[in-house]
Amino acid sequence: MASNKIPPLTYKVVAECSVSKARAGLMTLRHSVVNTPVFMPVGTQGTLKGILPQQLIELNCQILLGNTYHLGMRPGIETLKKAGGLHKFMGWPRAILTDSGGFQMVSLLQLAEIDEQGVNFRSPFDNSECMLTPEHSIEIQNAIGADIMMQLDDVVKTTTTGPRVEEAMHRTIRWVDRCITAHARDDDQSLFPIVQGGLDPELRRKCVAGLMERKVRGYAVGGLSGGESKDEFWRTVHTCTDLLPKDKPRYLMGVGFAADLVVCVALGIDMFDCVFPTRTARFGCALVMHGQLNLKQKKYALDMAPIDEDCECSTCKRYTRSYLHHIVTVESVSCSLLSVHNVAFQLRLMRAMRTAIERDQFPEFVKDFMDKHFIDETVPKWIREALAAVNIHLPENSKEKEESTSSKRVSSIGS
């Protein structure tokens with residue numbers, strides 16, 4: 001078919017920060033064009049908790065994430081095939097990325113046994129056994145029809161040390177070859193390998209070198225946000241983005257806190273995902289520039305302001321903090337209302353960063369963001385050091401911060 005001559009993923013860097021490693025890109029997939037840097041909301045089993053596909057479209061969400069392990073368990077391959085893939089099954093016309101199921105080696109470790117063949121899981125639903133091999137992971141993802149698929153990787157807890165980390169890194173490289181061989185829909189779906197190697201810079205270098213020998217269209221950085229220190233976290237990301245090719249998208253798995261997103265964009269990451277925005281919504285918390293509003297607190301009982309005056313989401317347009325205070329964690333609709341706002345916040349933050357990069361004003365944006373995000377506290381040392389590593393230097397003391405705040409600013413997330 002003529003359409004198959006066009007690769008299922010093309011990526012173009014459209015702007016670069018002249019100071020840091022931040023860049024804005026255009027990723028063209030079968031189901032949508034995605035502007036990067038991008039945050040992908042997580043719809044583990046083909047649905048975001050509390051949000052309909054149409055609401056995501058209204059928020060201009062361009063891509064979301066599904067999970068291979070969970071979708072393979074329920075509804076299963078046969079249902080997905082009969083439905084014509086996950087896009088049709090869930091009524092979502094835009095792009096989808098699927099995780100491979102590797103993360104469940106850590107999150108469901110008590111239910112899993114790992115060897116060279118794959119991962120043997122016991123179902124959390126009916127206790128039945130399921131062997132997830134690289135080949136089976138790809139079979140499920142081919143049935144899902146995701147625009148971007150992840151290889152099955154050997155994931156160890158981030159704080160693990162010793163020979164198990166190196167074993168997992170080498171196995172991840174061996175498994176990507178099995179995934180590439182098993183991939184039956186390369187004309188429609190793109191497979192990303194995953195950089196592993198724990199917190200050891202040399203293992204990360206070896207893994208990147210090995211993966212770059214394979215013909216792929218993008219790369220993921222895995223094995224982080226699992227209990228390591230923030231200092232170890234940013235240094236590992238920095239190492240990986242220094243080594244990965246500049247002409248392909250870089251995806252940092254499982255990262256979603258606002259400050260982390262800003263720092264990691266500065267370090268050269270293009271794609272992110274995390275359950276955080278919708279999970280924290282279920283606990284009655286709304287994301288705002290300076291952190292979170294815990295709407296369960298009594299101080300919001302008579303507060304007739306919206307969550308965020310600058311937010312244009314449907315929740316902020318129609319509902320007050322007072323209304324939300326009286327229904328959070330009590331009425332199920334509150335989860336939906338807060339999830340819409342929280343996803344809107346994440347997507348708005350990413351758009352603001354893209355705009356700043358395109359205008360070559362990203363360092364100014366970062367300084368403005370950090371002033372507002374840490375308005376009543378000092379910016380953490382790890383953030384200062386991470387940004388300094390890419391030539392963005394934050395004011396050192398309160399006087400400098402005061403002067404910086406009063407100076408002319410670039411457009412922020414609120415504009």
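Colleague: What should I know before I start reading?

Modeller: This is a predicted model, so local features need pLDDT of at least 70 and side-chain atom pairs count only at pLDDT 80 or more, while totals for chains, interfaces and linings use all residues. Residues are numbered from 1 along each chain as its sequence is written, and side-chain values use heavy atoms, with hydrogens and water left out.

Colleague: In what order do the strands of the open sheet run?

Modeller: Strands (E, at least two residues) and helices (H or I, at least four) are DSSP runs, numbered from the N terminus. Two strands pair if DSSP finds at least two bridges between them. Here the open sheet has 4 strands in the order β5-β6-β10-β11, with parallel pairing. β5 (63-67) and β11 (190-192) are at the edges with a single partner strand each, so one side of each has no neighbour in the sheet. From one strand to the next, the twist averages 25°.

Colleague: Which helix packs on that sheet?

Modeller: Contact means heavy atoms within 4.5 Å. Axes are lines fitted to C-alpha atoms (for helices, over the stretch in contact), and angles run from 0 to 180 degrees between N-to-C directions. Helix α6 (residues 134-144) touches β6, β10 and β11, and its direction makes about 160° with that of β10.

Colleague: And what lies between β7 and β8?

Modeller: Those two form a hairpin with 4 residues between them. β7 (residues 112-114) and β8 (residues 119-122) pair in the antiparallel sense over 3 bridges, with Ile 114 opposite Val 119. β8 is also joined by 4 bridges to β9 (residues 129-132), again antiparallel, and there Val 119 stands opposite Leu 132.

Colleague: How many residues are in the largest nonpolar core?

Modeller: A nonpolar core is a set of buried Ala, Val, Leu, Ile, Met, Phe, Trp, Tyr and Cys residues joined through side-chain atoms within 4.5 Å; buried means under 20% relative accessible area (1.4 Å probe, protein chains only). The largest here has 63 residues, and Phe 272 and Phe 362 are among those touching the most other members. Helix α10 (residues 258-266) gives this core its largest share, 8 residues.

Colleague: At what angle do α10 and α15 pack?

Modeller: About 160°, with the axes of α10 and α15 (residues 362-373) 11 Å apart. Angles over 145 degrees count as roughly antiparallel, so α10 and α15 are roughly antiparallel to each other. Their contact includes Val 262 of α10 and Phe 365 of α15.

Notes. Buried means under 20% relative accessible area, exposed over 50%, partly exposed in between (1.4 Å probe, protein chains only). Angles under 35 degrees count as roughly parallel, over 145 as roughly antiparallel, 65 to 115 as roughly perpendicular and the rest as oblique.
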